[in-house]
2 protein chains.
Amino acid sequence: MATYNKTVNENEQRCCCPVEATLSVIGGKWKPLILWHLKENTMRYNSLQQVLPGISPRMLTKQLRELENDGIVNREMYPEIPPRVEYSLTDFGRTIIPVLEALAQWGIKYTDQKGSSK
Amino acid sequence: MATYNKTVNENEQRCCCPVEATLSVIGGKWKPLILWHLKENTMRYNSLQQVLPGISPRMLTKQLRELENDGIVNREMYPEIPPRVEYSLTDFGRTIIPVLEALAQWGIKYTDQKGSSK
DNA sequence: CGGTATCCCTCCGGATACTG
DNA sequence: CAGTATCCGGAGGGATACCG
């Protein structure tokens with residue numbers, strides 16, 4: 001008992017920080033890169049895997065599924081032999097590109113700052 | 001042997017995704033909230049702890065130190081009795097506020113989208 | 001007041017093997 | 001080609017007790 005505060009209630013989550021909602025979608029080690037690559041072209045599973053440095057199939061699938069559930073990417077399956085699956089951003093997914101670019105912009109500034117102070 | 005790709009080299013990290021650099025600074029469970037609260041006022045250690053839902057002192061200290069090392073927050077110590085320490089954003093730290101707000105904006109859009117599709 | 005020190009456990013995610 | 005299934009190690013982070 002006696003945690004540092006009462007356990008989180010929905011209101012607190014909602015009122016303080018929609019930032020977290022966004023981070024839950026684009027955060028993590030892989031999603032930014034996946035999104036980054038999908039913003040140019042639609043891509044197939046294997047192409048993504050080759051373009052992502054050392055991701056395991058398990059992880060790639062997991063990240064893609066999450067993005068799919070969040071309505072960010074679209075999974076188009078062509079039941080051919082051999083099978084082909086293409087991933088792309090949804091229209092809603094595209095609305096996140098400016099955010100991604102804002103993050104990238106600041107990231108560059110930050111890297112410069114760090115580099116020069118070293 | 002035979003990982004899915006050769007281990008990451010610096011170039012790949014650097015060229016593809018400054019987004020990650022930014023996320024390494026503001027990402028995670030606590031930092032967005034800390035930043036969110038600091039963007040209005042300067043705050044003391046205990047005030048922060050009270051305002052953050054259930055954070056342990058260990059975590060709070062850790063997050064603050066990291067933000068400090070990244071040049072985002074400033075730690076001002078007043079050697080009084082009892083001691084007082086005030087945290088605030090540095091000038092460089094303030095440059096990240098627009099990014100935070102972009103994230104928040106999209107987070108709201110996202111939450112609406114989710115809510116309406118349920 | 002503003003923190004450390006310590007213990008402990010979850011779960012993230014990597015590696016590898018296998019399948020429709 | 002586009003994935004599952006399974007195993008497993010290690011970092012992240014919570015709870016609690018204590019210190020200057």
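**Close-ups of aromatic rings and their neighbours**

Chain A has an accessible surface of about 6800 Å², and 51% of that belongs to carbon and sulfur atoms. Keep in mind that this is a predicted model.

**View 1. Chain A as a whole.** Chain A is built from 7 helices and 3 strands. Starting at the N terminus, the order is α-α-α-β-α-α-β-β-α-α. Of its 118 residues, 42% count as buried. Take the contacts between residues at least 6 apart in sequence: 43% of them join residues at least 24 apart.

**View 2. A ring pair between chains.** Searching the whole structure turns up 5 aromatic pairs over all chains. One of them is Phe92(A) with Trp106(B), a stacked pair with 5.4 Å centre to centre and 25° between the planes. Phe92(A) sits in helix H6 (residues 91-94) of chain A and Trp106(B) in helix H7 (residues 97-117) of chain B, so this pair joins two chains. Phe92(A) has 13% relative accessibility and counts as buried; Trp106(B), at 1%, is buried too.

**View 3. Two rings on one helix.** Here Trp106(A) and Tyr110(A) are stacked, 5.3 Å centre to centre with 15° between the planes. Both belong to helix H7 (residues 97-117) of chain A, where they are 4 residues apart, about one turn of the helix. Trp106(A) and Tyr110(A) are both buried.

**View 4. Lysines over tryptophans.** In chain A, look for the charged end of Lys39(A) over the ring of Trp36(A), 4.2 Å from its centre. In chain B, the charged end of Lys39(B) sits over the ring of Trp36(B), 4.1 Å from its centre.

Terms used:
Residues are numbered from 1 along each chain as its sequence is written. Chains are lettered from A and ligands numbered from 1 in the order in which they are written. This is a predicted model: local features need pLDDT of at least 70, side-chain atom pairs count only at pLDDT 80 or more; totals for chains, interfaces and linings use all residues. Side-chain values use heavy atoms; hydrogens and water are left out. Buried means under 20% relative accessible area, exposed over 50%, partly exposed in between (1.4 Å probe, protein chains only). Contact means heavy atoms within 4.5 Å. Accessible areas come from the Shrake-Rupley method with a 1.4 Å probe; for residues, only the protein chains shown count as cover. Rings of Phe, Tyr and Trp (its six-membered ring) pair if their centres lie within 6.5 Å; planes under 30 degrees apart count as stacked, over 60 as edge-to-face and the rest as tilted. A charge sits over a ring if NZ of Lys or CZ of Arg is within 6 Å of the ring centre and within 35 degrees of the ring normal.
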